[in-house]
Amino acid sequence: MTRRGRILAWTGGVLGVALLATAGVGVWAYFDLNGNIHGADIAIDGDRPANLSPGSKNILLVGSDSRAGANAKYGKDLTTMQSDTLLVLHIAADHKWATALSFPRDSYVPIPACTRSDGTKSTPHSFKINEAFSIGGDGGSVSKAASCTIKTVEQNTGLRIDNFASIDFQGFKGMVNALDGIEVCPKHAIHDKKAHLDLEAGCQTVRDEKALGYVRTRYSVGDGSDLGRIGRQQEFMKALGKKAQDKLASPGALYDFLTAVTKSLTTDQDLKSVSALTSLASTVKDIPSDRLTFVTVPNYYREADVPTDHANVVWQYPEATQLFSDIAHDREIGAAGKKKLAEAANNPVTAHSVRVRVLNGTGTPGQAATAAEQLRKIGFTVTTTGNAPATDKTTITYPTGLATQAEVLSGHLRDTKATASAQATPGEVTLTVGPDFAKVIGGIGS
């Protein structure tokens, strides 16, 4: 299997299914497994980002914790589908490197209008990013849940999503059990009622409910944040991949593993077969582990901008903008890029620290005041409002020394670039509101 097992760590088994399927399952097993995979008809309405790097591929991967059926015990009073894990796997056009980009589920982002299961449209607003999966999946439709999630990710990142795959709780447990468990080494005992986990400190093998609890636990470990959970999930999947490489030599273990994965796997129609997954996986099977980069969208606690919000994080700009641009243009992040992001995280430029002068360029009275109120809800410090000559597009200008602050504002406004101006007010970034402002601000601040 050589490098094949590593791919399991990257995708939670999605690409691993394809690679392992070529390793010796019989014809009968192939068709049996093929029939297990669920397909979703995904339709994305509205404008979508352009594909800026032909030949590369962005795959949206969701760890779904729908609370129906066997999953009901993992949460009460939850009637919609849930997503605990959300990431984009970017496979480079030359197939020599890949980046796995994780989105904290507590990311406070604009959620666009989405079609619900009953055909009605939701209202654009801002909330945790994982709500997109719940809105679309309020009636149990994975297709609608996937569509809303893809639309949300695309509009907030500018990344064009090519494929989708999700796996639920039960499939995850089956994967771990087929490997006879995975070794974890918590430094401290973990007792988490919500995750159904009681684990003593020290190295031990976990399977079934304990394995699931370990990757779900949040409030009883470290600072209780979703960020810490992401790290544990990434380490766990690396360990799963390594054990798969060592363990799945026997046909019986291999078949049990693949059965667990495929029965809980839902993909878009293009990936809905073992052969399609095999074709995809064959393009990346030789990527070395040191050229796979796990990275989390840079962020900080929203409390720094909105003191009353103790539950969410916001993306850190301009670092997030640059990260999305690199992936969209097929530029490798690598260890150096990851280190740079880590260094920037120590001193984020918050929205609250950016002083903004808002001018009305629409010709319609009151637009500057409306925009100022929306910016204040995000956390920006609005210094003054006024009028400007008519413009057909919202613009951001800044004086010398405030390029970073201007890029922070630009990061919160879709498709709006910041430019230097000798006429800009010293110490302030100037936002001139155009008739497109409602579109560029989206659901932010609502």
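Trainee: Let's start with one cysteine: what does Cys185 count as at 41% relative accessibility?
Mentor: First, this is a predicted model, where local features need pLDDT of at least 70 and side-chain atom pairs count only at pLDDT 80 or more, while totals for chains, interfaces and linings use all residues. Residues are numbered from 1 along each chain as its sequence is written, and side-chain values use heavy atoms, leaving out hydrogens and water. Now the cut-offs: buried is under 20% relative accessible area, exposed is over 50%, and partly exposed is in between (1.4 Å probe, protein chains only). With 41%, Cys185 is therefore partly exposed.

Trainee: Which residue forms a disulfide with Cys185?
Mentor: A disulfide is a pair of cysteine sulfur atoms within 2.5 Å. Cys185 has a sulfur 2.0 Å from that of its partner, and the partner is exposed, with a relative accessible area of 52%. That partner is Cys203.

Trainee: Why is the link of Cys185 and Cys203 right-handed, and how many residues separate the two?
Mentor: The torsion about the S-S bond is about 110°, so the disulfide of Cys185 and Cys203 is right-handed. Cys185 sits in the loop between β8 and β9, and Cys203 in the loop between β10 and β11. Strands like these are DSSP runs of E with at least two residues, helices are H or I runs of at least four, and both are numbered from the N terminus. The separation of this pair is 18 residues.

Trainee: How many disulfides does a search of the whole structure find, and what is the pairing in sequence order?
Mentor: Cys114 and Cys148 form one, with sulfur atoms 2.1 Å apart. The search of the whole structure gives 2 disulfides. Number the bonded cysteines along the sequence, and the pairing is 1-2, 3-4.

Trainee: How many bridges join β2 to β3, and how many join β3 to β4?
Mentor: Both pairs run antiparallel. As examples, Asn58 has His90 as its bridge partner in β3, and Leu87 has Ser102 in β4. β2 and β3 share 8 bridges, while for β3 and β4 the number is 5.

Trainee: Why is β3 largely enclosed by the rest of the structure?
Mentor: Look at the burial of its 9 residues. β3 is largely enclosed because the number of them that are buried is 8.

Trainee: What is the relative accessible area of Asn163?
Mentor: Asn163 lies in strand β7. Contact means heavy atoms within 4.5 Å, and beyond four places in sequence Asn163 touches residues including Ile59, Leu60 and Asp268. Asn163 counts as buried because its relative accessible area is 5%.

Conventions. Two strands pair if DSSP finds at least two bridges between them.
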